Amino acid sequence: MRAAGVREIGGPVEVLDLTEPAGPGPGEVVVEVAAAGVGNWDGIVGAGAWNVGLTPPMALGVEVAGTVVAVGANVTNLRPGDEVLGHPVPLRHQGCWAERVVVDADLVVHKPLGVPWETAAAFAVPALTAEQVLTEALGVAENETLLVHGAGGTTGGLAVQLAALRGVRVIATAGPSSAARVKEAGAAEVLDYHDGGWPDRVRELTGGAGVDAAVNAVSGGSAETVLVVRQGGRMATITGDPPAAERGISVADVYVRPDSTQLEELCLLLGDGRLTLSVGDVLPLAEAATALERAVSGAKGGPVVLRIAPERTGM
Ligand SMILES: NC(=O)c1ccc[n+]([C@@H]2O[C@H](COP(=O)([O-])OP(=O)(O)OC[C@H]3O[C@@H](n4cnc5c(N)ncnc54)[C@H](OP(=O)(O)O)[C@@H]3O)[C@@H](O)[C@H]2O)c1
């Protein structure tokens, strides 16, 4: 089957001809992939710094959307023909940048009706990350004030929406081209991070005290994020750069984990429009290397997606 990934750890991304997955084992399903998400984390997998259960030559890709075509023993939640999405790590055979992938049936959920394949493919990792940051790492509550640093990005944008849905007052940083979208997502205030005075403005907006909680979604952005958290507040970063603890502030270094219960709830919100996600570039499997370069350089206008089965309509 056609796939895209690396022949060796640290090698370039290229189109691969890989063996078809064997029939699904107990608890597994085979998914015919319609589209797969691309994130800078796929480069981390290819470089060998995130073990998702594969050895080269290996297809990359940890986000899938597609149709179940075979069901293993003991699978009760899915049937052939079901349309699913998920973050099915650890992977069982190959990554999701492939025509077919074998996954743990408990790690994919039904795709909401009417959600396009591209959106479904790019949803699981950022949505789960945002949810886990807000509920598990920060435990944000209604009427608290939250800073989302990097709200113009995919994960930050979803964090703004999820926090606003919980009645949290969100102060966000974003560039001029994302500001309107971030405001629409529910941010009370959007500050341009190009203006070096944005941390002072956060303090002004919080009566000098700082925010109750903050999430950093900017590579290297934790050090300035922690400065605007109030004494004894909470902070989480998703970019692996936790700052030293200061002023009694708790710091969480968050890494996404698959969670189907959370993903089902997030899909309900996506399906009824309370959560939205606009996709950026959509490229064919043959252009996986370009897709990854674009994701690594900072996805503009939404997450990058590989379209793997172009004939699907996604309704
Ligand atoms: N730990 C985890 O499990 C996990 C999960 C998901 C993502 N991540 C990481 O989180 C980061 C964000 O990922 P993503 O996919 O959501 O990002 P993304 O969509 O690629 O975000 C890129 C956007 O961030 C904004 N940005 C860039 N520099 C900024 C700065 N200095 N200050 C504020 N905003 C800035 C820009 O938007 P505008 O200029 O348009 O505002 C840019 O378009 C990545 O490093 C990713 O690896 C980690």
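Visitor: Which residues of α3 meet α8?
Guide: In this predicted model, the α3 side supplies Ala124, Ala127, Leu128, Glu131, Gln132, Thr135 and Glu136. Facing them in α8 are Gln262, Leu263 and Leu266. To count as a contact, heavy atoms must lie within 4.5 Å.

Visitor: What is the make-up of the contact of α3 with α8, by class?
Guide: The contact has 5 nonpolar, 3 polar and 2 charged residues. Glu counts as charged, and Glu131 and Glu136 belong to the α3 side.

Visitor: Why are α3 and α8 called roughly perpendicular to each other?
Guide: Set the angle against the cut-off. Helix α8 covers residues 260–271, and α3 packs against α8 at about 105 degrees, with the axes 10 Å apart. The roughly perpendicular class runs from 65 to 115 degrees. Therefore α3 and α8 are roughly perpendicular.

Visitor: Which hand does the crossing of α3 and α4 have?
Guide: The α3/α4 crossing is right-handed. In that class, the near helix is turned clockwise from the far one.

Visitor: Which residues of α3 and α4 meet?
Guide: From α3 come Pro126, Ala127, Thr129, Ala130, Glu131 and Leu134. From α4 come Thr154, Thr155, Leu158, Ala159, Leu162 and Ala163. By class, this contact has 8 nonpolar, 3 polar and 1 charged residues. Ala127 and Glu131 are on the list for α4, and they are also on the list for α8.

Visitor: How many helices and strands does the protein chain have?
Guide: The chain has 9 helices and 16 strands. Its radius of gyration is 20 Å, close to the 20 Å that the globule rule gives for 315 residues, so the chain is as compact as a globular protein of that length. The C-alpha trace spans about 60 × 40 × 35 Å along its principal axes.

Visitor: What is the order of the open sheet of 6 strands?
Guide: The order is β11-β10-β9-β12-β13-β14, and the pairing is parallel. Strands β11 (189–191) and β14 (250–253) are called edge strands because each pairs on one side only. On average, neighbouring strands are turned by 15 degrees against each other, direction ignored.

Visitor: How do you know that strand β9 and strand β10 pair?
Guide: Count the bridges. Two strands pair if there are at least two bridges between them. Strand β9 (residues 145–149) and strand β10 (residues 169–173) have 5 bridges, in the parallel sense.

Visitor: What is the order of the open sheet of 3 strands?
Guide: That sheet runs β2-β1-β4, with antiparallel pairing. Its edge strands are β2 (14–17) and β4 (58–59), each pairing on one side only. Strand β1 (residues 2–6) pairs with β4 over 2 bridges. At least two are needed. Val6 has Met58 of β4 as its bridge partner.

Visitor: Where is the place of Pro57?
Guide: Pro57 lies in the loop between α1 (40–46) and β4. The peptide bond from Pro56 to Pro57 is cis, with omega near 0 degrees. The bond from Val89 to Pro90 is cis too, with omega near 5 degrees. Pro90 belongs to the loop between β6 (83–86) and β7 (100–104).

Visitor: What phi does Asn74 have?
Guide: Asn74 has a positive phi of about 70 degrees, although it is not a glycine. Asn74 sits in the loop between β5 (64–71) and β6.

Conventions
Residues numbered from 1 in each chain as written. Predicted model: local features only at pLDDT ≥ 70, side-chain atom pairs only at ≥ 80, totals over all residues. Heavy atoms only, no water. Helix = DSSP H or I, 4+ residues; strand = E, 2+ residues; numbered from the N terminus. Rg over C-alpha atoms; globule rule 2.2 N^0.38 Å. Axes fitted to C-alpha atoms, helices over the stretch in contact; angles between N-to-C directions. Parallel < 35°, antiparallel > 145°, perpendicular 65-115°, else oblique.
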